[in-house]
Amino acid sequence: MASLRCTPLLRTGTAASVCRLRSSLLLLPASPQPRAFAVQTVRSYSAGNSSSNDPSKKPPNVFALLGIILAGSGVFYLLSKSMQKEREVRRDMKLGDSEIPTEIREKQAAATTVVPVPAFSKDEVKVIFVLGGPGVGKGTQCANLVRDYDFVHLSAGDLLRAEQAREGSEYGELISTYIREGKIVPQEITIALLRNAMQDAVKEGHSKFLIDGFPRKMDQAIKFEEDVAVSEFTLYFDCSEDVMLQRLLKRGETSGRSDDNIESIKKRFKTFVDTSMPVIDYYRGQNKVISVPCEKTKEEVYDLLKEKISDRMSL
Ligand SMILES: Nc1ncnc2c1ncn2[C@@H]1O[C@H](COP(=O)(O)OP(=O)(O)OP(=O)(O)O)[C@@H](O)[C@H]1O
Ligand SMILES: O=c1ccn([C@@H]2O[C@H](COP(=O)(O)O)[C@@H](O)[C@H]2O)c(=O)[nH]1
C-alpha cells in the first residue's frame, strides 16, 4: 500500500504545496508454489522373493515408470520457467508497460493505489468541529472552553480575516469579496491556514482543537480529514434565524465586520442552509454530532455545552 502526505505552504501567501509521496509498493501476491508431485514408491522385487511366483504380483513396467518420471520433470520445468518469468517482470520495473503481461499489470495497479494520510494522527490531536448558523454564539462558547480547559480555538473566519489583512497577501482581495458575499472561500486557502495554525500549536505542546466555523462545505470536510486530521465529533449550535439575526445586528453596531449588515447576513443564512447544513447531516449520519440548543443565555448555553461534551470526552 502506498501513502500520500501533502504539506501546503500557504504561510507566506504562496499557493505552492509540496506533496511528498511515500510510496511503498505492496508486494504482489505470492507466486504459485510448485505443485507437490505424488511420490510413487517402487517396490523392489528380487528373484528370490517368495511372492515372485504369485501371478497377481507382476513386476512393474519399467517403461511406464520412466514415462511418469519424464512427464513429471517436464511439468516441473515448465512451472519453474513461468515463475522465473514473473519474478523477472516484477524485478525489472523498467520494462515498458506493453511488455508486462496484462494480469501482472493489473495486480501492480491495484497494489499502488495511493491512500492519503492525515498530517496529524488521532493520537497526536483531538479535533472538534464547531458548526452552527452565523451569529449563533460559536465564538462566544469556544472562548469559554479555552478559558476553562486546555483547548486551542481556531476560527476559520478569524484566520481568513487575518490573511485578508496581512500585507502582501495574494488572497486578500479574493477573501474580502467572498466574506462580503457570504460565500465560501476555496478550501485550499482555508485548510492551509488551519493546518499551519495547528502545526504551530502542536509544536507548543497543544493537542485539543476547537475548529470553529469549519468545515462549511462538503469538499472542505473531506479534504481536511484526508490531509490534516480526522475529527472526534462536531458540535452543532442550533438556534432560530430570528434570534441569530438579532444577535448579528447587535454585534454589527461595534464589530466593524464587513458582513455584519442585513444584505450580507441574508446571504450568509442562505449559504449556511444550502452548503453547511449538508456537512452537519453528513456527520450526523456517522453519529458524530452533538447538538446544543443556543437560544438561552450565554451562561445557560455554556452549562449545557459542558455537560454534553463531557459525556463524550474527558474535559
Ligand atoms: N446565548 C447568547 N445570548 C445572547 N447573545 C449571545 C449569546 N451567544 C452569543 N451572543 C452574542 O451574539 C453575537 C454573536 O456571537 P458569536 O460572535 O459568538 O457568534 P458566532 O456564531 O461565532 O458568529 P459568526 O458565525 O458570525 O462568527 C455576539 O455579540 C455575542 O456576544
Ligand atoms: O471555512 C470557512 C469559514 C469562513 N469563511 C468565510 O468567512 C466568513 C465569516 O466566517 P465566520 O465564521 O462567521 O467568522 C463566512 O461567511 C465565509 O465567507 C469561509 O469562506 N470558509
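Student: What is the order of the strands in the open sheet of 5 strands, and which pairing do they have?

Tutor: Please keep in mind that this is a predicted model. As a general idea, the strands of a sheet pair through backbone hydrogen bonds, either parallel or antiparallel. Here the order is β5-β6-β4-β7-β8, and the pairing is parallel.

Student: Which strands stand at the edges of the sheet?

Tutor: These are β5 (152–155) and β8 (289–293); each has a single partner strand, so one side of each is left without a neighbour in the sheet. From one strand to the next, the twist averages 20 degrees.

Student: How many bridges join β5 and β6?

Tutor: The parallel pairing of β5 with β6 (residues 208–212) extends over 4 bridges. Within this pair, L154 stands opposite I211 in β6.

Student: Which strands does helix α6 touch as it packs on the sheet?

Tutor: Helix α6 (residues 187–203) touches β4 (126–132), β5 and β6, and its direction makes about 155 degrees with that of β6. Helix α10 (residues 298–312) also packs on the sheet, where it touches β7 (231–238) and β8; the angle between the directions of α10 and β8 is about 165 degrees.

Student: Is F63 buried or exposed?

Tutor: F63 has a relative accessible area of 68%. The cut-off for an exposed residue is over 50%, and F63 is therefore exposed.

Technical notes
Residues numbered from 1 in each chain as written. Chains lettered and ligands numbered in written order. Predicted model: local features only at pLDDT ≥ 70, side-chain atom pairs only at ≥ 80, totals over all residues. Heavy atoms only, no water. Pairing = 2+ DSSP bridges. Helix = DSSP H or I, 4+ residues; strand = E, 2+ residues; numbered from the N terminus. Axes fitted to C-alpha atoms, helices over the stretch in contact; angles between N-to-C directions. Contact = heavy atoms within 4.5 Å. Buried < 20%, exposed > 50% of the residue type's maximum accessible area, 1.4 Å probe, protein only.
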